[in-house]
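Here is a briefing on one protein chain. Look over the sequence and the model, then read the points below.

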Amino acid sequence: MDFNVKKLVKDAGTAISRVVQLTEEKLGTSEKTELDSHFENLAERADITKTWTERIVRSTEAVLTPNPGNRVEDYLFEKIDKKKPNRLSNLEWLGQDMISAGNVFGPSTSYGSSLIKVGQCEQRLGSIEREFITSADQCFVGPLQKFLEGEMRTINKERSILETKRLDLDACKNRVRKARNMLGTPANKDGISPEMLLEEAENDLRRAQSEFDRQAEITKLLLEGVSSSHAGHLRCLNEFVNVQTQYYADCHQRMLELQKELTNLCNPGASNSHEQNKTSSDSFEMVNDRSPKLLKARVLFDYTARTPSELDLSANEELIVEESSDIDPDYMMSEKANRKGKVPKAFLDIIES
């Protein structure tokens, strides 16, 4: 391998000079070119954005993947461009064990069949959780990571270049001051007069100033772009909240269904009696009052209709709903935009009867 000794010596000398220059600046024995206050504010905002974005990403990843060992494993697989392992979640392991236990105790027994039903529900919850983690990673964690590894890395690179240009500029300023102080003295041993040294130093200063100004403008434009990145992060945050809301709503709906199934399994007689009483009561109400009971309700979460008979809902909107024995007991009837349809009770808060 060939070494350019002259270049190596020059680079080493430049590095030492910059260390001395930075030390003198910290000690206050050397002047430092300051950037304008607007630039400094932009730079400070970028630093804060980087710090808190990194922290939010780490915290979100800890929520989505609580096991630190799994996070390290996922990170390593990502770095070597390999697909992440498709491991079972804790809920899925629990569901698997419950189903196995239910089969051992006997699917025909109340306890065995209940274990199987709960195990199947836990596995479904695990699947819902997996879908939530994937969606949250795509809509929130991924874009923030992309910002840190792309835009933020570019900003830091350009700021590093700007600092180098700033050091070069201050070194040229120092050379000009020294050359001016030498005016009126004899030429040096190479026969170069102080006037020639001054002219050369001023030319270097103009060139360094031009390069510094250009780099400062490039860096400033990148720093100003952080504000638009905040707007993008806000959209990602909104998508994350929507995904999380849907996740908890799906889990809640699944647990309500499981609760109903277990009640029927544990108390079949009480369930039949309840159904008979309900039928008698409904018949009595129909005889005395055939008009449905109207209620005022507020929507808790956004809901997207899954069948043509359902209505789309938006969080916090108020509806007039009616109870009816003609539809699923987990739903109520309502009307929006001259269209009548079903809405899930789990997404409603009855505020006035």
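The side chains of Lys296 and Glu318 form a salt bridge, at 3.4 Å from N to O. The term stands for a side-chain nitrogen of Lys or Arg within 4 Å of a carboxyl oxygen of Asp or Glu. This pair links distant parts of the chain: Lys296 sits in strand S1, Glu318 in strand S2, and they are 22 residues apart.

The model is predicted: local features need pLDDT of at least 70, side-chain atom pairs count only at pLDDT 80 or more, and totals for chains, interfaces and linings use all residues. Residues are numbered from 1 along each chain as its sequence is written, and side-chain values use heavy atoms, with hydrogens and water left out.

**Overall make-up**

- The chain has 8 helices and 5 strands. Helices (H or I, at least four residues) and strands (E, at least two) are DSSP runs, numbered from the N terminus.
- Along the sequence the pattern reads α-α-α-α-α-α-α-α-β-β-β-β-β.
- Of the chain's 353 residues, 29% are buried. Buried means under 20% relative accessible area, exposed over 50%, and partly exposed in between (1.4 Å probe, protein chains only).

**Salt bridges**

- The count of salt bridges comes to 17.
- Lys296 is partly exposed, at 29% relative accessibility.
- Asp47 and Arg159 meet through their side chains in a salt bridge of 2.7 Å, N to O. Asp47 lies in helix H2 and Arg159 in helix H5 (residues 110-181), so the pair ties together parts 112 residues apart in sequence.
- Asp47 has 34% relative accessibility and counts as partly exposed. Arg159, at 23%, counts as partly exposed too.
- Arg306 and Asp250 form a salt bridge of 2.9 Å, N to O. Arg306 is in the loop between strand S1 (293-299) and strand S2 (318-323), and Asp250 is in helix H7 (residues 226-266), so the pair ties together parts 56 residues apart in sequence.
- Arg306 is exposed, with a relative accessible area of 57%.

**Strands**

- Strand S3 (residues 331-336) and strand S4 (residues 339-344) run antiparallel and are joined by 6 bridges. Two strands pair if DSSP finds at least two bridges between them.
- Glu335 stands opposite Lys340 in S4.
- The hairpin of S3 and S4 has 2 residues between the strands, and Ala337 there takes a positive phi near 50°.
- Leu319 belongs to strand S2. Leu319 is buried, at 6% relative accessibility.
- Leu319 and Lys336 are 17 residues apart in sequence, with 8.2 Å between their C-alpha atoms.

**Surface charge**

- Glu34, Asp36, Glu40 and Glu44 gather in a surface patch of negative charge. Patches take residues with over 30% relative accessible area and no salt bridge; like charges are joined within 9 Å, and nonpolar side chains (Val, Leu, Ile, Met, Phe, Trp, Tyr) within 5 Å.
- Lys and Arg count as positive and Asp and Glu as negative; His and the chain ends are not counted. The place of a charge is NZ of Lys, CZ of Arg, CG of Asp or CD of Glu.
- Accessible areas come from the Shrake-Rupley method with a 1.4 Å probe; for residues, only the protein chains shown count as cover.
- Glu44 lies in helix H2 (residues 37-64). Glu44 is partly exposed, with a relative accessible area of 47%.
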